[in-house]
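Colleague: Please show me the model, and then we can go through some questions about it.

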Amino acid sequence: MKFIKAQKSLYITLLGILLLFFVIFVLMSLPMEGFLLALAITVFVFGVFQFIAFTTFQETQNVKQKRDALQEQVINERNQHAQYKSQIESFFLTWVHQIKTPITASKLVLEQNSSMDAEKVRQEVLQIENYTNLVLSYLKLQNNDTNMVFMPVQLDDIVRPLIKKYSIQFIQHKTKLHYEPIHHDVLTDAKWAEIMIEQILNNALKYAKGGDIYLSYDAHQQTFYIEDNGIGIRESDLPKIFDRGYSGFNGRLKEQSSGIGLFIVKTISNKLNHPVHVQSQLGAGTTFSIHFHQTNHNLT
């Protein structure tokens, strides 16, 4: 249809010329056989010309379509790159602001003469380590080439080192831990599962200071639970807590949330195919659940 429209003026010109020749032949009483022969030759030549023109038109259209597709791809990649750059800049600005807090606190502690100085410094150093690991995890997850290595691992081997790592905060915040060793194997990537559990545990410690934290595993459901009786999460915040950069009311209240930790949890959850769910009631506490695979689960 586009080709016909492009050749419309040529068709009109040709018909006009043929009509003119016909009128001349009629007025001059020339033999119509000559007109018909001329008409046949004209139609044949014009047909060959149209075939060549149509072929060239098709090639031009194909080239144009490929060019437009490439241009659209370039624009999309530029937009994605600009969006990624904006997200990285936003995240690092927040991260730099956050990491200044434990550094400043460490300096103030070291300037004081107190028997608790060492413990306070250890706690602030732990926060610096957490923020640093958060950045590394975030950057690795942005790389599509990051691989997940699944193998059977005892859940206690993942949880116990985290309990030891955060023992200072449990003591400092007077938060009581309820945990029995979990001697069950789950099929997962131990490193990324540890990061996922650590972020949720860190949140529980942050928002349940002086309260209780319960770590348990339902072997029948293959589900690991992290429960606290802290300040809880507002119902309006629950659908958004896994969004990148969303800190919610609690995060704004504490001024310690980058809105990246739970985003990383959800991203790892999707990559490992370990669904994460949350239930919470404001003022009553929060429960996160992570569903693991059985060791004989067939991954696809």
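Modeller: In the hairpin of E6 and E7, three residues lie between the strands, and Gly 283 takes a positive phi near 85°. Strands (E, at least two residues) and helices (H or I, at least four) are DSSP runs, numbered from the N terminus. This is a predicted model, where local features need pLDDT of at least 70, side-chain atom pairs count only at pLDDT 80 or more, and totals for chains, interfaces and linings use all residues. Residues are numbered from 1 along each chain as its sequence is written, and side-chain values use heavy atoms, with hydrogens and water left out.

Colleague: Which residue is the bridge partner of Val 278 in E7?

Modeller: Strands E6 (residues 276-281) and E7 (residues 285-291) run antiparallel and are joined by six bridges. Two strands pair if DSSP finds at least two bridges between them. The partner of Val 278 in E7 is Phe 288.

Colleague: How far apart are the end C-alpha atoms over residues 36-57?

Modeller: The unreviewed UniProt entry places "transmembrane region" at residues 12-30 and 36-57; such annotations may be inferred rather than shown by experiment. Over residues 36-57 the chain is 100% helix and 0% strand, with end C-alpha atoms apart by 30 Å.

Colleague: Is Ile 24 buried, partly exposed or exposed?

Modeller: Ile 24 is found in helix H2. Buried means under 20% relative accessible area, exposed over 50%, and partly exposed in between (1.4 Å probe, protein chains only). With a relative accessible area of 36%, Ile 24 is partly exposed.
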